[in-house]
Amino acid sequence: MMLITCPHCGPRAQAEFTYERTVDSVVQPGTDPAGAMERLFTRANPRGLDDEIWRHTFGCRAWLVMTRHRVTHAIEAIRAVGPEALP
Amino acid sequence: MSGPQRAGEPGTIRFTFDGKPLLARRGDTLAAALLANGIGLVARSFKYHRPRGIMAAGVEEPNALVTVGTGGRSEPNTRATDLFVYEGMVARSQNRWPNLSFDVGSILGLAAKALPAGFYYKTFFGSAKRWMFYEWFIRRAAGLGDAPNAADPDRFAQRAGFCDVLVVGAGPAGLAAALAAAEAGERVTLVEQDRVLAPSLVRDPQELDPAWAEATAAQISALGGQILLRTTAAGYWDDNLITLSQRLAEPGQQPPNGAAQRLWHVRAKRVVLATGALERPLAFAHNDRPGVMLSQAVRTYVRRFGVVPGQRVIIATNNDDAYLTAAAMRDAGAEVVAVLDTRPAPAGATSGFTVHNEAMPLATTGARHHLREVSARVGGKIVRWQADLLAMSGGFTPVVHLHMQAGGAALDWDDASQSFLPGAARQNVTSIGAAAAADPIGPTPPPENSGKAFIDFQNDVSLGDVDLAWAEGYRSVEHLKRYTTLAMATDQGKTSNMAALGRLAEKQGVAIPDAGLTTFRPPYTPVTMGLLAGRSERDAGAHLRRLALYDVHQAKAPTWQPLGYWKRPRAYPAGTETLAQAALREARSVRTAVGMTDVSTLAKFEVSGPDAAALLELICATTVAKLAVGRGRYTFMLREDGLVFDDGTVWRLGEDRYLLTSSTGGADRMATHISYVRQFLYPQLKVSAVNVQEHYAGIAVAGPHAKTVLAALIGEEVPRHMSTVPAAIGGVPVLVLAASYSGERAFEIYVEASKAEPVWSACEAEVTAHGGCLYGMEAMEFLRIEKGHLVVGGEIDGRLTPHDLALGGMLNKAGGYVGAEGLTRPALTQTGRKQLVGLEALDGTIPEGSMLITAPGQPAQGHVTAAGLRVLDGGSIALGQLNDGFARHGELLIASSPTRGLIARVRVVAPHFYDTGGERYRD
Amino acid sequence: MTDIAITQLPAAPLNVLEIWSNPLAVLDRFEKAFGPSLPPLGSSLQLPGRLLIRYEPAVWLVEGETIGLAEILGSDGSLTAIGGGLVRVRLSGAGWRSLLMEGGVFDAESKAFAPGCSAATVIDHVNVRLLVESDDACLAYVPLSYARGMIHFWTIAAKSLD
Amino acid sequence: MTKYSALGLLRGVFNGQSHWQPAWRDPEPKASYDIVIIGGGGHGLATAYYLASVHGIRNIAVLEKSWIGGGNTGRNTTLVRSNYRQKPLHDFFEFGLKMWERLSDELNYNVMFSPRGALMLGHSDSDMAMLAQRGDAMRVDRIDAELLSRDQVAKLEPQLDMSRDARFPIDGGLIQRRGGTARHDAVAWGYARAADQLGVDIIQKCEVTGFVRQGDAVVGVETSRGQIGAGRTAICVAGHSGHVAAMAGLKLPVESQTLQALVTEGVKPMINGVIMSQSLHCYISQSDKGGIVMGGDPDNWPSYAQRGQPMVTEGAIAQAIALVPALSRLRMLRTWGGVTDMSFDGSPIIGTTPVPNLFLNGGWCYGGFKATPASGWTYAHTLATGTPHALNAPFDLGRFARGDTIDENGVGPMPNHR
């Protein structure tokens, strides 16, 4: 069980988080249908680092993007996304 | 006199073994107590049912497994060496019939030559049934103890722990490390699997002794450190998470506080492994008899438990440590017949014992509870001795299991000790003490007859089996393990892995570190399943979700219906009514008078802000912005792939405030979906979407009298169909939505859940006064099927488009909703797709879930998603999905359920059976 | 057995206060009206008649009075009532920190989790929000449907604490 | 090659079992092959065997980066069944189930296929309706399925908690009596031995590091043991499909996730068949050695680590004990993780790719073991003829963009929602 450093709450157990999808599968509004399906239905799925979208679902509920290694599970970077985080 | 025995008092704790009453001293393990009672034969091996005794004194014991406890507390396969005797303990031997001394299964030992490793892959051919015939016998011969035959009466606790330093093992090294950390002001947790601190100091008191251990522990505690005895670090996971299993009671013992064990999830900043080392057995013929023990174990029984496991002992060793055992036995009054040292002279020369150098045991013979004779090759000749005990030491294997479980960790080969030592690690973990270094050993000669030279004792794997696997091409260490079952027993290869690796390396002609290494997987020692399940009792880790009005319903003794983690009233049977009778009565009440039901579990989201409509037009595939304040409409939602995944209603409560409802089962999924769209895709929107599913309890009132009931309740004009007004009932503010799922004029009353009870009572009084009654989910199902309303999980099964569900006309023409792109995929508009239809029976009752076929033997063209009846007139009707269903109205089909032997002829019709013009919604 | 009392408190008015734009201006207006600023994530602010607890980056839970807040938010945020859906359970007695470790994953025993601190976490699979009231008491906001199950869980767990 | 038989074992009594030959050779790779199969798991080895035995193509190499059968073939819970609701799935798996029934004889290697029955429990009337629907869909296509009452379930598996006040009370079940378990290692070894006998080169410790291209087409592979030419190249590395396909520039509808499983210490027989549930996410069976083998949902987040989150297993065990209370005092002996190819509709992918000469077999999610014979058979057909067999045609790579997904659970494209 990973220890994930939530940008808002600090280090918390993975059990508080849920994985949503990879950044490369996000379909941004206004994408052409073929491009949207290409993004929705494929993943780079590297045996290495990838950018993933997680949510601190059972904590502060904020969305996060983390760069994580798929073999070591090491989290190289993590950032908050969504509405501007308040001071 | 021969065999194991104890001098002095036998002890005061009463226990039984195989029904025989015995006495133990306080602090005895079962193994110690059995030896003290002269019992050497304790178990039978897995495959050949060979007689086995006690080999070790710790968790590595492969042989001495017993079942302990009774009823639901009965624990099979418990190591007698890891079980402290308690008053009244009931222990039984296993894997024998009719009894331990005379075990019919031991005839398998006679056939051993025909049953080598992997024999079952080479025979028992023929049909699967034929294999199952043989398998029946194999399954009964296999296994070890019996599973309990009752539910577990105890609970298991689970707890989180956090510390700066977790020290595993309270031996001298672990205690010192824990003290140093505590003195440095760190938050320390120290765990020890034994029930005493530093058991090795009890065995070998030198400059440090048990009193030092007690004093050190006291200092650690005084500095705020936490010391957990009888606690095993079982698993090492990501980011220094360690799972600990803590025994609060011994196996089979009634726990003092209700919890038998506690599972800890400990997150440590740093981990120190002081896990010690395990002694290796030597491989020679019949090295598995009762009376052949590990050298340090013999010493432990003598020094810690005051039990002398034999009177005439042969020591066989390749290292110096075993001489301490010789000394301990001599001190205890036993005769040290000879020390067989594999090393050349002068090893052991100054020990004062009769030492034979370049000597290795050849074989043993034995009596029931101990050995009779040991033979050995000494230099070039064979020598025999009368001896009842053989203490062996093949060197030491540092316990690197946790180090390796940590992932990304390395092992370094140490040639002098012929052992793997912990190397670099990715996680913040270090190993110290005997876990990090081992003393040098001499040669370990291979046995002259490998057939009965066991290396994996429990699974009866001999060096001969390893040789066979090699000859047959199973040459990777993993193939070897899997083919021979080596290291797959309950001791997980703690005493066998190194011997197997050595043999494999010999065959390959490489050094041991080049022969490969198997993966170390959690747990270090087996962990009780109930402990892992932990937490609440029998709840499958899923608390029941209770309605706000749970007690109100419960008082009416409804039939409950599970839905996800919820339970909702399914019907309220009166008197002797069956469920079906009650549901029909309730449904008829709605059609003819009025009924009320609890709709609290529906997903609800309050969406407010200037961009509320914009967000909702992303979530909903219908238009929203055009709704007038106070109005509502039906809506549905698409996944990004364009398929419908939920439906509900959306209401405009104020200029920029909306209420969205959707299905109960999809509530969490919808909450995530809305949050993803709002927070991730459109963070710039000025909108707040709050999950108010549990804030509001919901009461639906439906039927021709619903309007009258509502007028009486709110005392003002009731909203027209698909309108909403705020109101109050008995002074409690409510929100009234005029929406209908039943097909009748109906209202949903939403009230803050904590204030729901008086509102419910007021409604019930009014409904009853108008000749109505409560209705449950079953009646609701009848009503909605007749009306042709959809249900998520039924008609909306995540595989259909809005067009397939006849909702295409409601799609927001402007697009822009989530799923619009996915909906353009070519196959979603092709012919032959499943489409929503109604079905009416020409005869019989349409079975729910049945297949729609044109004729018997033909493939399915669709299926029945929900079956009901015409509530007032009777007659079986249903909704279904049918290939090209829209174009097939009027066609006759068969609804066939072979699993239930039910069949009905049906006509395909439009999916509306009641009030198709919607007249009943109008006032 | 550790001394812990588990008490369900009567329902209180609870509102979600969410800010979606111009946060600094909202904070400014809040300070002008009430003096102190809106509390940061993981903490709370007790004002006369109302308690504000920040559990999410842009969301505060307001317990008690909401008068004046709508004006402060203006068009930069909104208030939504959620009090019906949460049950307040007070864990009091010296052992509350140990009790929260049972079935949990959050370090309630940390000294940093001091009076006034708040945290949302998962206990026995249930999403619970915590507010440290004092060294001897912690308030848990539990979803209504799980409340009875959680109180049962805590009652049983308290019996086998060290 | 020595034929396996009881007589052979008896002969071994007199010669110390010394007459047995290696089950497969350890050949050096040749310069090129007609077909190179990447991946020496059950599926790859079965593909090689059927290419050689059915299609007469024997100039084949199976390249395995480690040791054969060491990936998901050796890490699953060994269940074999065809009880799927969706037609393309149950037709495919039923074809495979029929192959299982005669596999030991065909391979002269006892794979211990034991049709002990695959029982799926229902915990409510709606569960029972879903089970009936699944069973009816199977029966209409002539696949065995039987709906069981509470009493029948109780008789079949006496250890189940049949009490009415259970958290998830048992209302009945759907059984496929022809379903059961098999010995996973034996499947890999049996296919390997049989394929080897037909001349297939099984090359272990040979990792593919890239593809050799001629224009768009793949004409060989780069490996840790040098370049190997290939007429056709077959990816068969479920768990790592995305990684290998990426070497050919392909992005797949696959995400690799960990699936954990565990086994308890052995006990005398207590579970008769395979127990699954319509509402809960655990599956339980007992091995011939006596260990209770069980698993649950995948870890639901991407990983190639063969290492999971302990709380996921703990959750599955809690469910299993709710169903079978007597499991409580058994002990978990081992837990392990496999890397699964989670596809975006829950169904496998077997067929051609946009890259000429390159074929794909993957996306097995956590259901690949039972498919081994059918997967090998249909993949061999696809490789030999260049076009898919009718059974695997629906499982093509293009179905996602086209909209023809085969979604057994109806949950859509996010594998972690599955």
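1. Gln17(D) sits in the loop between α1 and β1 (32–38) of chain D. Helices (H or I, at least four residues) and strands (E, at least two) are DSSP runs, numbered from the N terminus. Gln17(D) is not a glycine, yet its phi is positive, about 55 degrees. Gln17(D) counts as buried, because 25 C-beta neighbours lie inside 10 Å. The cut-offs: buried means 20 or more other C-beta atoms within 10 Å, exposed means 12 or fewer, and partly exposed lies in between, with C-beta atoms placed from the backbone.

2. A caution on the source. This is a predicted model, where local features need pLDDT of at least 70, side-chain atom pairs count only at pLDDT 80 or more, and totals for chains, interfaces and linings use all residues. Residues are numbered from 1 along each chain as its sequence is written, while chains are lettered from A and ligands numbered from 1 in the order in which they are written.

3. Arg230(B) also deserves a look. Its phi is near 55 degrees, a positive value in a residue other than glycine. Arg230(B) lies in the loop between β11 (226–229) and β12 (231–237) of chain B. Arg230(B) is partly exposed, with 19 other C-beta atoms within 10 Å.

4. Check the cis peptide bonds. One runs from Trp97(B) to Pro98(B), with omega near 0 degrees. Another joins Pro522(B) and Pro523(B), with omega about -5 degrees. Pro523(B) is in the loop between α12 (497–508) and β31 of chain B.

5. Now the interface. In chain D, 87 residues are in contact with 90 residues of chain B; contact means C-beta atoms, placed from the backbone, within 7 Å.

How values were computed:
Contact = placed C-beta atoms within 7 Å.
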